[in-house]
Amino acid sequence: FPPAVFPLSCAVQNYSWGKVGLQSEVAQLLASSDPLVQIQPDRPYAELWMGAHPRGDAIIRDNRIPQKTLGQWIADNPTCLGAKVKDAFKGRLPFLFKVLSVNTALSVQAHPNKELAVKLHAQFPEHYPDANHKPEMAIALTPFEGLCGFRPVEEIVSFLQSVPELRALIGEVAAEQLERSGSDDPRGVSAALRVCFTRLMKSEKKFFVDQLNVLVKRISQEAAEGKDTSGSNGDLLLRLHSQYPGDIGCFTIYFLNLVRLEPGEAMFLGANEPHAYLHGDCVECMACSDNTVRAGLTPKFIDVLTLCEMLNYTPAPSSSKIFPAAQSQLDPSIYLYDPPVPDFAIMRIEIPSSIKLYLVSAVDSASILLVIQGTAVGTSTAAASEMTLRRGSVLFISANESISLHLSSPDGMLLFRACCLL
């Protein structure tokens, strides 16, 4: 039998928003897993892609395997996915697992549902490269900040009243419609919110740049005088404006929740949920797609009309955006993040220092294992030889295979495992 458990060498994306040099978790994981890697101190290391995506297919680190990449290996050995996964996802790995190190904000964006993805891909294949949906989940590795989902209406109304520059862009009629919408009529609230947000996003470039400059100048002066600018969300506004001066995305902070995650906390982003990651390091898992509809905080192609049409305009507090992990009944070391989509789930595995032998148990799905902390030697009947695991190591585990970890680190281990639990 060919080995069905093997180490991977994963693709790095050097997007400009990434943390630079060894400040980046991505760079640290790379440097730790492969001492020969040269980390360039001024280069951004934004994303590590662990999977079989054609734009970043992982390389197999086992010279007994003839295939060079994970994508090729899965195509030749589709049973490795597990019977259910193989059938449900047509012989493809259904998820892409990543580590992100965010220094400056990512674009304000949302991902389409299946139906819209099919339509966008058919109409504009150059901007929407595939016909799949792209739900995603982020789990913080360091304190992590992002914008996610629409704020409760009372918060938005409060900003409309204390930020005249915002009100000018939206216009009096739309602002009053939102102020009058009552909580007893959620559809009326969503309709008013849609009008306000669409008016903001479609405002004339010269007009919004002028208003943004006025706002930034006012907040800067107030801050210099030691005044409290929180009523205008001043700190975040100045930060985003310094990263993307003159960008309409700066105003979205008045509509979207600021969500702060502590390490181990997660947020799940379903279809049509507006979001923008702002800062920090996380592991992320998503359906295997590149479809992103953008509308601000970016120099890339923006599609304001599609975005404003597709969004989920349901207001909710930021606390509701934190997705809970469930501790496993069978194995207290495992915390499972199981989102309401079939494409992926993530396990956080915290092995305490008291345990010296740990079994990474078999699941009926191909999975990818990432080591964040600790060292061990891994053995498996399905592996060609024993594998040294350290910070940054990534393993592919075929369906229904297990691995014994012989821990050698004094402080236990922290692992993340992505799989598909149908």
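Before I start on accessibility: I call a residue buried under 20% relative accessible area, exposed over 50%, and partly exposed in between. I also keep in mind that this is a predicted model.

I looked up Asn-400 and found a phi near 65°, a positive value in a residue other than glycine. Most residues other than glycine have a negative phi. I placed Asn-400 in the loop between β23 (394-397) and β24 (403-407). Is Asn-400 exposed or partly exposed? Asn-400 has 48% relative accessibility, so I log it as partly exposed.

I then went to Lys-90, where phi is also positive, near 55°. Lys-90 sits in the loop between α3 (83-88) and β7 (95-102). Its relative accessible area is 71%, so Lys-90 goes down as exposed.

**Sheet.** I traced an open sheet of 8 strands, in the order β6-β1-β23-β20-β25-β18-β17-β16, with antiparallel pairing. At its edges I found β6 (59-60) and β16 (326-327), each pairing on one side only. I checked the β16 end: β16 and β17 (residues 334-337) are joined over 2 bridges in the antiparallel sense. Which residue of β17 is the bridge partner of Gln-327? I get Tyr-335.

**Cores.** The largest nonpolar core has 54 residues, and I see Leu-166 and Phe-255 touching the most other members. Helix α8 (residues 186-201) gives this core its largest share, 7 residues. I also noted a second, separate core of 47 residues, which includes Cys-10, Leu-29, Tyr-45 and Ile-139.

I listed the contacts of Phe-255, leaving aside neighbours within four places in sequence. Among them are Leu-166, Ile-170, Leu-193, Cys-196, Phe-197 and Leu-200. Phe-255 is also in contact with Gly-149, Phe-150, Arg-151 and Ile-156.

**Domains and record.** The division I have is domain 1 (154-248) and domain 2 (326-419). I read 45 Å between their C-alpha centres.

The unreviewed entry puts "Phosphomannose isomerase type I catalytic" at residues 5-153. In the model, that span is 22% helix and 28% strand, with its end C-alpha atoms 50 Å apart. The unreviewed entry also puts "Phosphomannose isomerase type I helical insertion" at residues 169-256. For residues 169-256 I get 65% helix and 1% strand, and 17 Å between the end C-alpha atoms.

Methods:
Residues numbered from 1 in each chain as written. Predicted model: local features only at pLDDT ≥ 70, side-chain atom pairs only at ≥ 80, totals over all residues. Heavy atoms only, no water. Domains from an automatic or database assignment. Pairing = 2+ DSSP bridges. Helix = DSSP H or I, 4+ residues; strand = E, 2+ residues; numbered from the N terminus. UniProt positions renumbered as here; feature names shortened; annotations may be inferred. Core = buried A, V, L, I, M, F, W, Y, C linked by side-chain atoms within 4.5 Å. Buried < 20%, exposed > 50% of the residue type's maximum accessible area, 1.4 Å probe, protein only. Contact = heavy atoms within 4.5 Å.
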